[in-house]
Amino acid sequence: MSLLRLSDISVTLRQRTVLERVSLEIGAGELVGLIGANGAGKTTLMRAALGLIPAQGDSSLAQMAPRARAKAAAWLPQAREVSWPVDVETLVTLGRIPHLGTGQPVGEMDRAAAERALDRMGLKELRARTVTRLSGGEQARVLIARVLAQETPLILADEPIAGLDPAHQISTMRIFRELAAEGHSVLVSIHDLGLAARHCTRLVLLGGHAKVADGVPRQVLTPDNLRDHFGICAHFEETAQGPIFQATEVVG
Amino acid sequence: MRLLGFGLTGLVVLLALISLVLGPAAIGPAESLYALFTDTGTPLTLVMREIRLPRMVLALGIGASLGLSGAAMQGYLRNPLADPGLIGVSASAALGAVLAIQTGIAAHFAFGLPLCALAGAVVGVSLVMLLAGPRGSSLTLILAGIAISSLAAAFTSLVLNLSPNPFAANEIVFWMMGSLSDRSMSHVWLALPLMVVGWALLGSLGRSLDALTLGEDAAEAMGIGLRRVRWQVVLGTAAAVGAATAVAGAIGFVGLVVPHILRPLVGARPGALLWASALGGAAMLLASDVAVRVVLPSGDLKLGVVTALVGAPLFLHLIYRTRREMA
């Protein structure tokens with residue numbers, strides 16, 4: 001079953017080509033890492049997929065009615081915006097908005113969904129705290145919990161683990177992996193190639209405004225791709241503890 | 001939360017009753033209220049129904065309009081310093097009224113002044129929406145609002161500047177201070193329907209404003225139509241505040257201070273703040289209008305002066321509190 005189908009997505013912003021004819025299909029049960037250097041178009045691709053910016057080509061999500069789309073895919077923007085000093089539980093419950101009819105109050109099911117999200121992200125102790133007074137990393141986890149509370153088949157997350165401590169980076173990637181095992185799919189843009197190599201079931205590499213590689217981490221993180229699109233060389237090895245990827249030098 | 005609702009409603013009812021029984025004639029409260037509800041055939045019924053009732057209803061409605069649109073504007077722009085005047089409604093309504101006074105329309109037609117003020121508000125808001133574009137960001141809306149507000153204020157000053165008639169200039173200055181004295185039931189019928197339309201537009205924004213807590217991108221991805229929200233905020237504010245300014249003049253600080261004071265009491269949720277601010281605004285304006293009559297019963301103390309005198313220190317206190325929290 002396909003949760004997202006992009007065909008020939010092209011985006012031009014201010015007469016500058018950002019993406020050219022990118023096609024991508026995501027089925028159920030995948031954790032897809034979207035990688036590429038700064039400015040490669042990762043955020044633009046995800047926003048175009050959601051229909052948040054005008055794009056040429058077809059996106060299965062952008063074609064949906066806004067409410068239906070909000071039930072099909074949740075979006076975690078890169079900017080961690082929390083405008084008002086609300087408490088953690090209230091913020092996470094905002095994820096239930098797409099499931100509520102006009103004037104329908106938050107119900108038992110919505111509270112249960114928020115509770116599951118809080119539990120998954122290990123935020124139960126922080127539930128009554130004011131979000132804006134938490135540390136940056138804690139805020140990031142609260143915002144991920146909001147996306148989980150939306151309980152959509154697909155999650156698109158823009159650099160969700162940037163700024164988290166190592167333990168929470170790993171546990172967040174594990175949570176995404178669990179979701180994938182449950183039949184959801186997650187598309188994350190990510191700069192930490194080591195974590196991407198270990199946890200993602202599939203990587204998509206953007207470079208030169210286009211998709212240049214798509215496959216299991218081993219096929220994508222080749223020495224050629226790393227040199228051409230990231231300007232680095234790296235050590236990549238399958239070990240008893242799983243794949244280990246470490247960037248070593250800048251090249252070129 | 002429920003406690004806050006009861007508390008605010010109780011406060012508004014109490015202040016409304018005080019507003020009704022307060023007057024220059026020495027008549028007991030019970031007698032006044034009896035004369036309001038049953039036609040006693042005395043002048044008291046006339047006083048109650050034609051003078052005090054419209055004054056109370058206007059204070060209530062205008063206060064609620066200012067509080068509600070202040071909360072909606074702050075929620076939409078995600079800025080605690082936003083105020084309903086930001087989109088140029090008050091300034092352009094004031095210009096309309098000033099032109100009505102200057103040209104004599106106000107003196108020659110019964111409702112020349114409020115109608116011209118409303119027309120000014122409509123023109124001002126249309127220009128703002130035209131400038132900001134149908135799909136601009138909130139920043140373009142703020143910039144367009146500031147531009148139109150400044151332009152309207154400049155024209156108002158120009159009219160004052162060139163006014164050959166000192167009495168008209170005097171009248172303009174007093175009108176701009178805002179007042180509820182000598183308003184009739186006709187003013188109520190002119191303003192109230194528009195304010196109700198504004199309340200309906202703004203009151204249904206709760207969930208969208210809650211979603212906007214996470215930013216425009218996240219809200220849109222949660223199925224919130226930002227274009228629609230923008231129209232609702234602007235048209236709702238224009239109807240409510242335009243009508244309020246048309247019948248009472250410019251009354252500042254209510255839309256800015258009331259949402260500020262009540263925000264911590266509703267857990268900072270912008271949706272819940274809407275109704276709380278509507279009640280709080282009504283309470284603040286009723287209280288100010290009572291104060292106007294108690295402090296200087298003989299003199300003509302202007303309502304807008306009192307709200308600013310009360311509002312500014314409250315605002316300073318809030319700054320102090322914010323500073324302490326940040327330290």
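The structure described here is a predicted model. H187(B) lies in helix α9 of chain B. Beyond residues up to four places away in sequence, H187(B) touches L58(B), F111(B), D182(B) and V247(B).

R183(B) is found in the loop between α8 (166-176) and α9 (185-203) of chain B. R183(B) also counts as buried, because its relative accessibility is 16%. When neighbours within four places in sequence are left aside, the contacts of R183(B) are E50(B), I51(B), P54(B), L58(B), V247(B) and A248(B). Two backbone oxygens are reached by the side chain of R183(B): that of S181(B) at 2.7 Å and that of V247(B) at 2.6 Å. Along the chain, R183(B) and V247(B) are 64 residues apart, yet their C-alpha atoms are 8.0 Å apart in space.

## The Nonpolar Cores

The largest nonpolar core holds 145 residues, and those touching the most other members are L91(A), V92(A), L221(A) and I62(B). Helix α3 (residues 43-77) of chain B provides the largest share of this core, with 15 residues. Apart from this core lies another, of 30 residues, which includes L4(A), L19(A), L154(A) and A221(B). As a general principle, nonpolar side chains in soluble globular proteins tend to be buried together.

What surrounds L91(A), leaving aside its neighbours within four places in sequence? L91(A) is in contact with V82(A), V86(A), V131(A), V142(A), L143(A) and R146(A), and also with L214(B).

## The Largest Pocket

The largest pocket contains about 1200 Å³ of space. Its lining consists of 43 residues, and the closest to the centre are I97(A), G206(B), R207(B), S208(B) and D210(B). By class, this lining has 19 nonpolar, 15 polar and nine charged residues.

Helices of both chains contribute to the lining of the largest pocket. In chain A, α2 (66-72), α3 (88-93) and α4 (108-120) each supply at least two residues, as do α10 (206-212), α12 (226-248) and α14 (270-295) in chain B. The element that gives the most is α14(B), with five residues.

## The Second Largest Pocket

The second largest pocket has a volume of about 790 Å³. It is lined by 23 residues, and nearest its centre lie P85(A), R133(A), R263(B), T322(B) and E325(B).

Which helix contributes the largest share of the lining of the second largest pocket? That helix is α15 (residues 303-326) of chain B, which provides seven residues. Sorted by class, the lining of the second largest pocket has 12 nonpolar, six polar and five charged residues.

Helix α1 (residues 42-50) of chain A is largely enclosed by the rest of the structure, because seven of its nine residues are buried. These buried residues are K42(A), T44(A), L45(A), M46(A), A48(A), A49(A) and L50(A). Just after α1(A) comes G51(A), which takes a positive phi of about 80 degrees.

One of the buried residues of α1(A), M46(A), is also touched by A157(A). A157(A) has its place in strand β6 (residues 154-158) of chain A. Is A157(A) buried or exposed? It is buried, because its relative accessible area is 1%. Not counting residues up to four places away in sequence, A157(A) touches L76(A), L187(A), V188(A) and S189(A) as well as M46(A).

## Positive Phi Angles in Two Loops of Chain A

E159(A) is not a glycine, yet its phi is positive, near 50 degrees. This residue is found in the loop between β6 and α6 (166-181) of chain A. E159(A) counts as buried because its relative accessibility is 16%.

H209(A) likewise is not a glycine and has a positive phi, of about 65 degrees. The place of H209(A) is in the loop between β8 (202-207) and β9 (210-215) of chain A. H209(A) is partly exposed, because its relative accessible area is 34%, a value that falls between the limits of 20% for buried and 50% for exposed residues.

Technical notes
Residues are numbered from 1 along each chain as its sequence is written. Chains are lettered from A and ligands numbered from 1 in the order in which they are written. This is a predicted model: local features need pLDDT of at least 70, side-chain atom pairs count only at pLDDT 80 or more; totals for chains, interfaces and linings use all residues. Side-chain values use heavy atoms; hydrogens and water are left out. A nonpolar core is a set of buried Ala, Val, Leu, Ile, Met, Phe, Trp, Tyr and Cys residues joined through side-chain atoms within 4.5 Å. Buried means under 20% relative accessible area, exposed over 50%, partly exposed in between (1.4 Å probe, protein chains only). Helices (H or I, at least four residues) and strands (E, at least two) are DSSP runs, numbered from the N terminus. Contact means heavy atoms within 4.5 Å. On a 1 Å grid over the protein atoms alone, a cavity is a set of points where a 1.4 Å probe fits but cannot get out, and a pocket is an open set with protein on both sides within 12 Å along at least five of seven lines; lining residues have an atom within 4 Å of a point. Grid points are joined across faces, edges and corners, and a volume is the space filled by probe spheres set on the points. Ala, Val, Leu, Ile, Met, Phe, Trp, Tyr, Cys and Pro count as nonpolar, Asp, Glu, Lys and Arg as charged, and the others, Gly among them, as polar. A polar contact is a pair of N or O atoms within 3.5 Å; within protein, one must be able to donate a hydrogen and the other to accept it, and residues adjacent in sequence count only if both atoms are side-chain atoms.
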